[in-house]
Amino acid sequence: MLRWGILCVVVVVLAATATLVVQYGTGSSPTWSLPAGVKTEGPQPRVEVEGALTHEFGELSTQKTTARKWKVKNTGEGNLEIWLLGSTCTCTIPRLKGEGTREVIKPGDATEIELEWKTKNAIGEFSKGATIGTNDPDRPEFMLKVHGMVHSPIVVLPEPHEGVLMVGDVPTDKVKEISIALFSPEHPELKIKQLSTSKPNQIVAKPVPFTPKELENLKAKGGYRVNLQFKPGMVLGTFREELIVETDHPEQPKLQLVLAGTASGPISLMPSILRMVAVNGKEGASGQLILLVREGRPTSFKVIRKPEKVDVSIAPNDTPTLKGRYRLTVTVPSGTSPGLIDDEIIFQTDHPSAGELKVPVNIVVGSG
């Protein structure tokens with residue numbers, strides 16, 4: 001009886017095992033690209049990479065494709081296997097000598113691994129790399145990297161932010177001059193063919209070749225100091241004008257910069273922009289600014305341009321101690337449709353040093 005009982009138990013276990021095999025052993029399974037297992041016995045490989053693992057390429061301009069090769073030796077006694085594990089981004093491409101993803105190196109032999117990288121539109125510090133797997137038990141993987149700085153084909157200093165160069169406060173009643181540096185590290189012989197601005201009567205640009213001292217300070221081999229002269233008569237308020245530089249650079253024959261700043265003079269705004277947030281379009285609302293005229297000079301203002309959806313009025317707002325004050329009122333009428341009013345009001349004045357005055361307005365009208 002005991003033997004029959006043991007036999008029954010064995011049959012049940014085998015049947016259960018067979019069921020598991022049917023359920024889990026015959027289905028499809030994902031295909032994994034796994035590295036070969038590292039042998040812990042017998043002759044072992046040893047990977048050795050010549051030179052530094054990080055290549056310092058110095059400086060490159062945008063939209064450049066460059067490559068660097070590393071020599072990899074097998075100084076061990078067993079066959080060395082290497083394979084590609086991955087890279088930091090799609091702009092960095094590792095390649096083995098055989099153009100495959102895996103390679104075997106016999107004892108005493110060597111191969112090359114190439115790393116190609118593309119700077120694309122990156123500006124500033126650039127650091128990318130790729131990881132290589134090995135069957136060396138002491139070094140299962142290593143990383144090859146490139147590092148350096150990426151700049152535009154033509155470098156501008158001070159550096160613009162997204163093409164906008166801030167020039168600060170510009171007086172409307174006297175000349176202001178600023179300078180910017182312009183050069184190309186990869187084309188030091190760069191020539192400026194023409195300079196122009198969107199307001200040639202008020203903003204004049206002139207190129208002057210760098211002096212030896214300027215070249216030394218900038219660590220450049222050639223280039224220009226572009227002198228920008230802002231003449232009296234700029235319209236009061238914020239401005240965004242354009243500087244166009246035409247060059248003989250093969251990759252950037254035209255450079256367009258926005259010159260942004262504030263023209264200030266005998267009339268100032270408090271605050272410098274009228275903002276109204278979450279205005280109820282059904283009910284309407286009003287906002288106010290104070291205009292200050294230098295030395296309290298009586299001044300007349302005439303609206304020559306305004307956003308269609310608002311009403312504008314201006315009236316004296318003097319105090320016993322403060323003369324030349326005016327209150328500007330901007331009204332969003334009731335029943336105004338929802339939307340963004342991002343525009344400016346332009347006044348014509350009779351002030352001898354401030355013919356026009358711009359008042360930026362930014363109003364968000366809701367549905368109520």
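Q: Lys219: buried or exposed?
A: Lys219 is exposed, with a relative accessible area of 79%. Exposed means over 50%, buried under 20%, and partly exposed in between, with a 1.4 Å probe and protein chains only.

Q: What kind of model is this?
A: It is a predicted model: local features need pLDDT of at least 70, side-chain atom pairs need 80 or more, and totals for chains, interfaces and linings use all residues. Residues are numbered from 1 along each chain as its sequence is written, and side-chain values use heavy atoms, without hydrogens or water.

Q: Back to Lys219. Where is it, and what is its phi near?
A: Lys219 sits in the loop between α2 (212-218) and β15. Its phi is near 55°, a positive value in a residue other than glycine. Helices (H or I, at least four residues) and strands (E, at least two) are DSSP runs, numbered from the N terminus.

Q: And Lys120: what about its phi?
A: Phi of Lys120 is near 50°, also positive in a residue other than glycine. Lys120 lies in the loop between β7 (110-118) and β8 (124-134). Lys120 is partly exposed, at 41% relative accessible area.

Q: Which peptide bonds to proline are cis?
A: Leu157 to Pro158 is cis, with omega near 0°. Pro158 lies in the loop between β10 and β11. Met270 to Pro271 is cis too, with omega near -10°. Pro271 is in the loop between β18 (267-270) and β19 (274-280).

Q: New topic. How many residues are in the largest nonpolar core?
A: That core has 25 residues. Leu182, Val226, Leu228, Phe230, Leu243 and Leu259 have the most contacts inside it. Elements giving two or more residues to it include β11 (164-171), β12 (176-183), β15 (224-230) and β17 (254-264). A nonpolar core joins buried Ala, Val, Leu, Ile, Met, Phe, Trp, Tyr and Cys residues through side-chain atoms within 4.5 Å.

Q: What does Leu259 contact?
A: Leaving aside neighbours within four places in sequence, its contacts (heavy atoms within 4.5 Å) include Leu165, Val167, Ile203, Phe239 and Arg240.

Q: What is in the second core?
A: It is separate and has 24 residues, among them Leu269, Val310, Phe347 and Ile363.

Q: How many aromatic pairs are there?
A: The search of the whole structure finds six. Phe301 and Tyr326 form one that is edge-to-face, 5.1 Å centre to centre and 65° between the planes. Phe301 is in strand β21 (301-305) and Tyr326 in strand β23 (325-332), so the pair ties together parts 25 residues apart in sequence. Both Phe301 and Tyr326 are buried. Rings of Phe, Tyr and Trp (its six-membered ring) pair if centres lie within 6.5 Å; planes under 30 degrees apart are stacked, over 60 edge-to-face, the rest tilted.

Q: Which residues do ring pairs link into a cluster?
A: Phe57, Trp117 and Phe126.

Q: What about the largest pocket: how much space lies in it?
A: About 620 Å³. It is lined by 28 residues, with His151, Ser152, Ile154, Val155 and Val156 nearest its centre. On a 1 Å grid over the protein atoms alone, a pocket is an open set of points with protein on both sides within 12 Å along at least five of seven lines; a cavity is a set where a 1.4 Å probe fits but cannot get out; lining residues have an atom within 4 Å of a point. Points join across faces, edges and corners, and a volume is the space filled by probe spheres set on them.

Q: How many cavities of 30 Å³ or more are found?
A: The search of the whole structure finds one. About 40 Å³ of space lies in the largest cavity. Lys199, Met234, Val235, Thr238, Phe239, Glu241 and Lys358 line it.
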